[in-house]
Amino acid sequence: MKKRLRLKRIRNRSLNRSMAGNAVLFFFMAICGVFMATPLVLIISNAFKPLDELFRYPPMLFPRNPNFDNFSDLFILMDNSWVPLSRYIINTIIIVGGGTVGHVVIASMAAYPLAKRDFPGKKLLFNIVVLSIMFTYQVTQIPNYLIISKLGINNTYLALILPSFAFGLGLYLMKQFMEQIHDSIIESALLDGAGEFRIYWSIIMPNVKPAWLTLAVLQFQQMWGTTGSTFLRDEQLKPLQYALQQIVNGGPARQGAAAVVTLIIAAIPITFFIICQSSIIETMTTSGMKD
Amino acid sequence: MSKVGGLLDRKNEWSLYNKIRRNKACYFMIAPYFILFFFFTVLPVLTSIVLSFTQFNVLEPPIFTGWTNYTRLFLDDDIFKIAIKNTLVFAVITGPISYFMCLLFAWIINEFRPKVRAFLTLVFYAPSISGNAYLIWNLILRGDRYGLLNGWLLDLNFINAPIVWMRTEKYVMLFLIIVQLWLSLGTGFLTFIAGLQTIDKSLYEAAAVDGIKNRWQELWYVTLPSMRPQLLFGAVMQITQSFAIADVSINLAGNPSTNYAGATIVTHLLDTGSIRYEMGYASAIAVILFLLMVGTNKLAQKVLRKVGT
């Protein structure tokens with residue numbers, strides 16, 4: 001009886017946990033949570049503030065007369081833009097979607113052999129990637145621009161998407177997680193006659209789901225943040241982020257619309273984050289095949 | 001390994017050519033990434049290193065000058081000394097504290113039920129995800145009496161005149177460190193959260209049977225050793241972040257800041273590179289920063305290998 005109870009507690013992860021400890025942790029997290037979340041609350045409430053409240057000092061955490069004026073202002077502004085809003089949205093989907101999916105797939109495909117196979121040159125290649133993460137990107141921008149011009153992909157989506165495939169972070173992240181997978185799974189798959197690509201796609205990737213979802217969140221955030229103005233000259237190619245930044249730069253008269261823009265800029269990656277995060281935590285309850 | 005030529009294979013096991021041929025599939029799999037990586041990362045970095053030995057103003061072709069940039073950096077550049085000092089302060093203070101905060105919060109969050117866990121992760125990751133959220137600190141640190149901090153201190157009679165926080169030398173670093181710590185739950189934090197999800201649960205059961213008594217022992221003997229790959233990754237991320245602090249300093253203290261009180265290596269690099277158009281010199285700064293990070297990383301990896309022993 002006692003043993004069964006103990007097993008049940010193990011299942012529920014409540015073993016080795018004291019009530020007092022839980023309470024202390026809860027209060028600690030509540031206090032820190034308020035501190036961390038304040039700016040987010042301010043961003044949300046700013047979007048609903050009328051102009052006079054937006055300019056008030058000290059700023060109020062919650063609006064006194066909340067309304068949707070700022071939202072309608074923004075829509076009127078966007079309606080008058082030279083390039084239709086839908087075009088900006090399509091551009092964003094191509095750049096952010098392409099950059100995120102491509103990077104996750106290509107980086108993890110390269111990470112699998114580096115983590116689990118033994119072949120000449122693997123150590124060297126991996127070390128170069130890790131070192132590259134530590135080089136300040138600000139000075140490589142000019143060489144980068146020259147290379148993109150030479151490749152003839154300047155002023156196309158590819159100028160933003162292709163370099164994003166090759167960020168060092170994704171490969172490093174994926175390789176670290178793949179290292180933890182037991183060799184026995186791979187060996188049995190090899191015995192069953194699975195090819196390397198098959199192993200990567202149907203065995204490794206499902207096993208490191210938390211890793212590639214995390215990478216997707218990070219990459220999405222990175223791609224969403226780019227305005228692309230270095231490489232994209234045609235207005236028709238620019239992403240939503242660029243159009244939105246133009247409104248923020250519009251000066252005091254546009255503060256209301258700018259507050260909504262700030263909200264949108266934060267809301268999109270947060271939505272993506274929430275979707276991914278809930279499946280990261282879901283995998284925990286279902287992954288039984290680690291060994 | 002092949003069925004027919006087993007003997008032949010064994011004989012040539014150590015020949016490089018055979019090894020490469022046998023792992024053909026591996027090379028195909030890494031090819032797309034590494035071809036792009038070569039063009040968009042390796043080539044630009046190598047170019048920058050070469051440029052660090054030249055005088056290059058972006059408009060005219062670079063002129064080779066040998067070690068001039070480096071000697072100037074170390075012998076003639078007083079601001080660079082301040083920048084190195086400030087960067088090391090960040091690296092020594094915010095680096096380790098941020099790292100432990102990431103780990104601590106990820107671990108605590110993992111103690112909660114899955115639904116609460118997802119919510120808490122969002123709350124704590126919020127400052128990193130909402131782009132320029134740290135600009136909110138401008139409201140708190142405003143130099144006149146409308147700034148929140150000045151307002152409170154005036155009300156409580158601690159000061160009798162507002163202080164221009166981010167323009168006063170002795171306060172600049174202090175507040176930059178605070179803001180940086182507030183921002184620290186980023187990439188490393190998310191990775192740790194994901195890492196905790198992948199730990200084999202049977203390990204905890206085995207540990208409980210083996211006599212692990214409380215959550216601290218569990219953390220040290222089971223959790224941390226199981227997520228060593230993530231710990232190493234987190235260290236690299238933390239080092240690159242702490243050594244490359246610039247945006248926060250530029251937006252809160254200005255670039256150049258009052259008497260260069262908030263100067264870091266990267267603000268100095270941006271000052272010379274994008275304001276003064278001395279790309280050769282800026283590249284030399286980048287190379288020094290790179291060497292500093294590589295050295296620190298070597299050290300950190302050595303320490304982290306001792307975890308859980």
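## Contacts and overall form of chain B

What share of the contacts in chain B with a separation of 6 or more comes from residues 24 or more positions apart? The figure is 66%. Keep in mind as you explore that this is a predicted model.

Chain B contains 16 helices and two strands. Its C-alpha trace spans about 85 × 65 × 30 Å along the principal axes. A compact globule of 309 residues would have a radius of gyration near 19 Å, but the value for chain B is 25 Å. Of the 309 residues in chain B, 43% are buried.

Chain B is divided into domain 1, covering 1-51, and domain 2, covering 70-304. Taken over C-alpha atoms, the centres of domain 1 and domain 2 of chain B are separated by 37 Å.

Now look for the largest nonpolar core, which has 153 residues. The residues with the most contacts inside this core are A:Ala110, A:Met174, B:Tyr33 and B:Phe189. Both domain 1 (1-51) and domain 2 (70-304) of chain B give residues to this core, so it lies between them.

## Where the chains meet

How many residues of chain A are in contact with chain B? There are 82, and they meet 78 residues of chain B. Helix α14 (residues 255-286) of chain A gives the most to the side of chain A that touches chain B, with 13 residues. The residues on that side of chain A divide into 57 nonpolar, 19 polar and six charged.

A:Leu114 gives you one contact to follow from chain to chain. This residue lies in helix α5 (residues 85-116) of chain A, and it counts as buried because it has 23 C-beta neighbours inside 10 Å, where 20 or more are needed. Setting aside neighbours within four places in sequence, A:Leu114 is in contact with B:Ile30, as well as with A:Lys122, A:Leu125, A:Phe126 and A:Lys175.

## Helices to look at

Helix α9 (residues 168-178) of chain A is mostly covered, with eleven of its eleven residues buried. Among these buried residues are A:Gly168, A:Tyr172, A:Lys175 and A:Met178. A:Met174 is also one of the buried residues of α9(A). Not counting residues up to four places away in sequence, A:Met174 touches A:Ala107, A:Ser108, A:Ala111, A:Val208, A:Ala211, A:Trp212 and A:Leu215.

In chain B, helix α9 covers residues 169-182 and holds B:Met173. Is B:Met173 buried or exposed? With 20 C-beta neighbours inside 10 Å, B:Met173 counts as buried. Apart from residues up to four places away in sequence, B:Met173 touches B:Asn86, B:Val89, B:Ala261 and B:Gly262. B:Asn214, 41 residues from B:Met173 along the chain, has its C-alpha atom 39 Å from that of B:Met173.

## Backbone details in the loops

Most residues other than glycine have a negative phi, and most peptide bonds are trans.

The peptide bond from B:Asn255 to B:Pro256 is cis, with omega near -5°. You can find B:Pro256 in the loop between α14 (247-253) and α15 (265-275) of chain B.

A:Asn155 is not a glycine, yet it has a positive phi of about 60°. Its place is the loop between α7 (137-150) and α8 (158-165) of chain A. With 15 C-beta neighbours inside 10 Å, A:Asn155 counts as partly exposed. In chain B, B:Val58 has a positive phi as well, near 75°. B:Val58 sits in the loop between β1 (54-55) and β2 (63-64) of chain B. Why does B:Val58 count as exposed? The reason is that B:Val58 has 12 C-beta neighbours inside 10 Å, and a residue with 12 or fewer is exposed.

Methods
Residues numbered from 1 in each chain as written. Chains lettered and ligands numbered in written order. Predicted model: local features only at pLDDT ≥ 70, side-chain atom pairs only at ≥ 80, totals over all residues. Contact = placed C-beta atoms within 7 Å. Helix = DSSP H or I, 4+ residues; strand = E, 2+ residues; numbered from the N terminus. Nonpolar A, V, L, I, M, F, W, Y, C, P; charged D, E, K, R; others polar. Domains from an automatic or database assignment. Rg over C-alpha atoms; globule rule 2.2 N^0.38 Å. Core = buried A, V, L, I, M, F, W, Y, C linked by C-beta atoms within 7 Å.
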